[in-house]
Amino acid sequence: MDFVTALFYAFSAILIIAATQVITARNPVHAALFLVLSFFTAAGIWLLLKAEFLAIVLVLVYVGAVMVLFLFVVMMLDINMDKMREGFWGRLPLAAIVGVIVALEMSAVLLKGFLRPDNTVPAAANEIGVTKALGIEIFTNYVFAFEVAAAILLLAIVAAVALTLRRRKDSKYFDPAAAVKVKRADRIRIVSMKAESERANAKSDAQTNAENTGA
């Protein structure tokens, strides 16, 4: 086993462990941080496959932008984790079946490609990580899909910002415009009222009793 193969297995093991922690961590912030680790490890695997551009995009876009947005949303929204965990064990068998089916499908595709006797790497595969070749493909053959993906990402950003602006019951809000329009007479008002302290009430009762006795 050479050094590159050992790195591949090490990155793969870290990726599997981190991805498992993403769906099993009880704290949503910890789950998001494990997802960041998963992205970094996947970027390392892309580097081993000589796809430098995809590795850099994975780190800059997903770790530097999308995951920061996820963390802001998780920390700003008032998420009831106990309510989200309700029914977890009831849905676990169905989720396990779906996961096994997906794993078998991916294994069938990968094993069919690896076990072919005439399995050779195409010459075009040497330019997968080249920025120029990817740019030509994206902006010529896949320009419509690229624009649709950009519109979906913009919609997700707007929706995340809208969710953070909702009113929460445990927070106090005030209208700055109404605060500026307040006049001096509206801020304080001096009124004359009867004293309500026990000492003042006792003194007033004594005076009343004295007056009644003198009368």
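Residues 6-24 form a span that is 100% helix and 0% strand, and its end C-alpha atoms lie 27 Å apart. In this predicted model, the span falls within helix α1 (residues 3-24), the element with the highest mean pLDDT, 90.

The protein as a whole contains 10 helices and zero strands. Along the sequence, the pattern reads α-α-α-α-α-α-α-α-α-α. For the protein overall, the mean pLDDT is 78, and 74% of the residues reach 70 or more.

The surface and the contacts may be taken next. Of the 215 residues, 10% count as buried. The accessible surface comes to about 18,000 Å², and carbon and sulfur atoms account for 68% of that area. Among contacts with a separation of 6 or more, 57% are made by residues 24 or more positions apart.

A pair of aromatic rings is described by the distance of the centres and the angle of the planes. The count comes to three aromatic pairs in this model. In one of them, the ring centres of Phe8 and Tyr9 are 5.7 Å apart and the planes stand at 70°; because an angle over 60 degrees counts as edge-to-face, the pair is assigned to that class. Phe8 itself is partly exposed, with a relative accessible area of 34%.

Ser38 belongs to helix α2 (residues 28-48). Its relative accessible area is 6%, and Ser38 is therefore buried, the limit being under 20%. The side chain of Ser38 reaches the backbone nitrogen of Ala19 at 3.5 Å. Apart from neighbours within four places in sequence, Ser38 is in contact with Leu15, Ala18, Ala19 and Val22. Ser107 is found in helix α5 (residues 88-114). With a relative accessibility of 34%, Ser107 counts as partly exposed. The side chain of Ser107 reaches a backbone oxygen, that of Ala103, at 2.7 Å.

Helix α7 supplies a further pair of residues, both considered here in relation to Leu69. Helix α7 covers residues 143-164 and includes Ala156. Ala156 and Leu69 are 87 residues apart along the chain, and their C-alpha atoms are separated by 9.9 Å. Ala160 also lies in helix α7. For Ala160 and Leu69, 91 residues apart along the chain, the C-alpha separation is 7.9 Å. When residues up to four places away in sequence are not counted, Ala160 touches Leu69 and Val73.

Which of the classes, buried or partly exposed, applies to Ala160? Ala160 is buried, because its relative accessible area of 10% is under the 20% limit. Ala156, by contrast, has a relative accessible area of 41% and is partly exposed, since this value lies between 20% and 50%.

Conventions: Residues are numbered from 1 along each chain as its sequence is written. This is a predicted model: local features need pLDDT of at least 70, side-chain atom pairs count only at pLDDT 80 or more; totals for chains, interfaces and linings use all residues. Side-chain values use heavy atoms; hydrogens and water are left out. Rings of Phe, Tyr and Trp (its six-membered ring) pair if their centres lie within 6.5 Å; planes under 30 degrees apart count as stacked, over 60 as edge-to-face and the rest as tilted. Buried means under 20% relative accessible area, exposed over 50%, partly exposed in between (1.4 Å probe, protein chains only). Helices (H or I, at least four residues) and strands (E, at least two) are DSSP runs, numbered from the N terminus. A polar contact is a pair of N or O atoms within 3.5 Å; within protein, one must be able to donate a hydrogen and the other to accept it, and residues adjacent in sequence count only if both atoms are side-chain atoms. Contact means heavy atoms within 4.5 Å. pLDDT is the predictor's confidence in each residue, from 0 to 100. Accessible areas come from the Shrake-Rupley method with a 1.4 Å probe; for residues, only the protein chains shown count as cover.
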